[in-house]
Amino acid sequence: MNLIEGKKLVKNFKNKQVIQGIDFEIRQGEILALIGPNGVGKSTTIAMLLGILPPDGGTISYWRTDYKEHIGAQLQSTPFFEGYSAKENLKLFGALYHTNLSDEEIEKKLADCHLQDAGKTPAVKLSIGQQKRLAIGVTTVHQPELVVLDEPTAGLDPRSRHEIKEMIGGLAKNKQTVLFSSHDMEEVEKLADRLIFMNHGKIMDQGNPGELIEKHQVENLEMLYLKLTEKNEGEKNEYDL
Amino acid sequence: MNTIFSLSLKSAAREPFLLFWSILIPIGGTLILGFLVGNPGYAINITTGMMAMGILFYTFTTTVFSLLGQRRRGVYQLLKVTPMPLSRYIISVSGAWTLVSLICAMLVLTVGVVFFQLDLAFACVVKMGIVCVLGATGYVFFSFFVSGLCKTEAQTSIATNLIAMPLLLGSDAFYSLEAAPAWVKTVILLNPFQWLLKGLRSGFSGDNRDWAVSLAALLIFLGMALVLAVGSFKSSDY
């Protein structure tokens, strides 16, 4: 079953078409990686899927009408509420998803995020690694069917990256569907069941890692990344989450 | 909604700007000016001036910065992803901020009553409280609009000063404007801060007509601020 299906999606910023008629689906139970250099439209695509940005063309269909109750999303910036502790952020996000968390559930969630000693610390004062872990915690506070993570490991040290990868792996074991964007091929190789390569607002190819490597006759995903994405680092969409 | 309200209240109470601008300065100002002027009849003018100033600084200046911080962290983008309607979230946090400013204003009033032995009936306190709530809610909604216009803290600082200072100085909070030119008196009719003051003072004195007119003016301001806030959410990058 497809949780989300996007057909011929288009997004324009001023006179520039940043998403150029892309088609794709998110299948139940998979870990799907959205891959591409900075500024190719990954965040814009995610923003359209989540309903933050309306598409200028094409359609998006969801697996249920009350899909917002069943999606958890972490955007590129970690949007914690200033002046709130890690615990209070979990409680607040629970309320936003109509989930009333007990103190025990909050403690468990903090432990799952390896933040049991940081519950009273203001969330914005946590280290970047801790913030990213808490971000996944608040994203999954309501046990969503689909978890969307926009560059969850960007800017992290190897240990923090490893912890985030473990958390994403844990979501998959919990039978939650995950969509994450990345340009770290090592992370993608370890986690993803299926990949979508984007460049210049288009989907260059999609499929499972083995199939794609064989199809493009490359040694590994890094070579595939280089083949499918032209050098355009530094370009930025006007929409930048 | 209750969780959001109670957490907002808790977080607002920890805000250092609140302690300084809406508690320490108004209370300190009330006491210092009150004793310096030394005129018991003028004490209520000073007390209500400080109450209104505290409300303005908290529900407008502090909240504009707070909203900017939340917006820049992507809080409002994320709210669009959650099933919580944005309007319910805004009502909850606005309610909490209004309640905090009401408590601060009542604290200032208590200091004025105790130190200057003001004779205040319970009905007057209720009337003044209603004025505080209407004025504070209007300023909170207005702060959503102003915050939507600002992209940086520097811009926010300029915008809040450009708005708050004329409101404050273009009122008779701390000096009489009886001798002001006619055009100044006309312009002052458009100043929502002056209506907040007038509402507080008429609530205290028991002048029901002035109190009702002030409430009506504050309601109009609240309605306009709400329209601006909604428009700002629809058209800006909130």
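Reply: Helix H2 (residues 86–96) of chain A has 9 of its 11 residues buried, so it is largely enclosed by the rest of the structure. Buried means under 20% relative accessible area, exposed over 50%, and partly exposed in between (1.4 Å probe, protein chains only). Helices (H or I, at least four residues) and strands (E, at least two) are DSSP runs, numbered from the N terminus.

Me: What should I know about the model and its numbering?

Reply: This is a predicted model, in which local features need pLDDT of at least 70 and side-chain atom pairs count only at pLDDT 80 or more, while totals for chains, interfaces and linings use all residues. Residues are numbered from 1 along each chain as its sequence is written, chains are lettered from A and ligands numbered from 1 in the order in which they are written, and side-chain values use heavy atoms, with hydrogens and water left out.

Me: Which elements do the buried residues of H2(A) pack against?

Reply: In chain A they pack against helix H3 (103–112) and helix H4 (128–139), and in chain B against helix H1 (2–13), helix H4 (75–79) and helix H5 (86–116). Contact here means heavy atoms within 4.5 Å. Among the buried residues are Glu88(A), Leu92(A) and Phe93(A). Just after H2(A), His98(A) takes a positive phi of about 55°.

Me: Which residue forms a salt bridge with Glu88(A)?

Reply: Arg14(B) does, with the closest N and O atoms 2.6 Å apart. A salt bridge is a side-chain nitrogen of Lys or Arg within 4 Å of a carboxyl oxygen of Asp or Glu. The count between chain B and chain A is 2 salt bridges.

Me: How much area is buried between chain B and chain A?

Reply: About 2,300 Å² is buried, and carbon and sulfur atoms give 63% of that. Buried area is the accessible area (1.4 Å probe) that two parts lose on being put together, summed over both. Chain B contributes 21 residues to the contact and chain A 28 residues.

Me: Is Lys11(A) buried or exposed?

Reply: Lys11(A) is buried, because its relative accessible area is 7%. Its side chain meets that of Asp56(A) in a salt bridge (3.8 Å, N to O). Lys11(A) belongs to strand E1 of chain A, whereas Asp56(A) is in the loop between helix H1 (42–49) and strand E4 (57–62) of chain A.

Me: Changing topic, which residues touch the most other members of the largest nonpolar core?

Reply: Tyr89(B), Phe144(B) and Phe193(B) do, in a core of 150 residues. Its largest share, 15 residues, comes from helix H3 (residues 43–72) of chain B. A nonpolar core is a set of buried Ala, Val, Leu, Ile, Met, Phe, Trp, Tyr and Cys residues joined through side-chain atoms within 4.5 Å.

Me: And what is the relation of Ala164(B) to Phe193(B)?

Reply: They are 29 residues apart in sequence and 9.0 Å apart in space, C-alpha to C-alpha. Ala164(B) lies in helix H7 (residues 153–169) of chain B and is buried at 2% relative accessibility.
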